[in-house]
Amino acid sequence: MLATWTPDQELNKVRLRSGADMKRKLTWYDLVALGVGGMLGVGVFVTTGPVARKTSGPSVFISYIIAAVSALLSSLCYTEFSVDVPVAGGAFSYLRVTFGEFVGYFAGANILMEYVLSNAAVSRSFTEYLSCAFGRNDPNSWRIHAHGLMQGYNMLDFPAVALIIVLTICLCHSTKESSMLNLIMTAFHVVFFGFIIIAGFCNGKVENLVKPGGIAPYGVRGILDGAAIVYFSYIGYDTVSTMAEEIKNPSKTLPLGIVGSVLIVSALYCLMALSLCLLLPYNMIPEGASFSAVFELMGWKWASNVVGVGASLGIVASLLVAMLGQARYLCVIGRARLVPSWFAKVHPTTGTPLNATIVLGK
């Protein structure tokens with residue numbers, strides 16, 4: 001339980017258990033795009049609306065600032081570790097080298113569970129925004145009601161399942177091609193972000209930030225509780241550290257990728273949250289598909305469809321990055337033989353952890 005490994009052993013002896021090496025094809029801009037793509041789709045489109053309405057009120061943008069500071073400090077730690085131990089295991093490998101097998105496994109298993117559960121939640125949000133993009137107001141319009149199942153678990157989401165299958169196939173094929181797909185989707189997604197921010201600042205009202213109840217209707221406690229919830233949005237930066245075995249010149253590329261993506265996303269998150277609260281009073285913001293619904297309430301039906309398309313792209317990008325990271329966590333846990341070593345195998349042709357990717361995709 002307390003056995004530790006040296007960085008040299010992790011880089012050489014343990015990595016050989018995968019049978020083949022992952023291919024080093026990624027550059028610094030691939031990492032920045034992966035970090036931005038991994039974080040953007042989750043935070044704004046899934047957590048902002050509910051947090052603004054129930055937890056923080058208009059001060060949700062302050063919650064994002066607090067969460068951003070915390071994420072930045074954490075990302076600096078990841079940067080230092082990833083340069084010293086450039087392997088695909090992320091936090092699992094860093095803790096295993098420092099504190100031993102048990103602590104590493106405990107953290108790795110929790111992170112893996114976080115990825116799997118958050119991917120399930122985000123893939124269901126994809127269906128909601130995709131239906132908005134096609135002009136459907138009911139978020140359950142593309143889901144199938146299963147009679148006999150418990151309320152809350154009886155809406156079967158086949159579009160989300162289909163999306164996960166398609167992304168799993170892409171990730172099995174090639175990491176570089178998956179990264180290029182993410183880069184394209186993220187570029188379009190940032191353009192949509194710019195549209196929403198400009199629309200919010202040009203058409204919103206400052207009075208919506210203070211009515212009703214002031215800028216912080218739930219007090220300091222609400223702001224801090226909101227920060228704890230929206231921190232969920234920043235999990236993408238640790239995914240970047242799991243790409244350490246697949247990038248060129250890790251010592252220079254990793255700091256740029258991790259810290260750069262956190263700074264870019266933090267700025268976008270704060271501006272997006274602020275624009276949402278400028279458009280409507282916090283107590284009128286819908287909890288589901290918040291941004292699309294807000295534009296629809298304003299009478300901008302076309303803008304609601306545009307936001308639905310942009311959000312769908314962002315959610316696909318964030319899912320792609322999260323699934324990329326979770327497979328590498330499971331692969332390295334398999335190398336440590338804390339789960340069956342079959343999960344550690346890297347395909348010699350594609351250079352991807354094929355077994356781990358397929359199992360987690362299922």
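Modeller: Helices here are DSSP runs of H or I with at least four residues, and strands are E runs of at least two, numbered from the N terminus. On that count the protein has 13 helices and 2 strands. It's a predicted model, so local features need pLDDT of at least 70 and side-chain atom pairs 80 or more, while totals for chains, interfaces and linings use all residues. Residues are numbered from 1 along each chain as its sequence is written, and side-chain values use heavy atoms, leaving out hydrogens and water.

Colleague: Why is the pair of Tyr218 and Tyr282 called edge-to-face?

Modeller: Rings of Phe, Tyr and Trp (its six-membered ring) pair if their centres lie within 6.5 Å; planes under 30 degrees apart are stacked, over 60 edge-to-face, the rest tilted. Here the centres are 6.0 Å apart and the planes at 75°, so edge-to-face it is. Tyr218 and Tyr282 sit 64 residues apart in the chain.

Colleague: And why is Tyr282 called buried?

Modeller: Buried means under 20% relative accessible area, exposed over 50%, partly exposed in between (1.4 Å probe, protein chains only). Tyr282 has 11%, so it's buried, whereas Tyr218, at 37%, is partly exposed.
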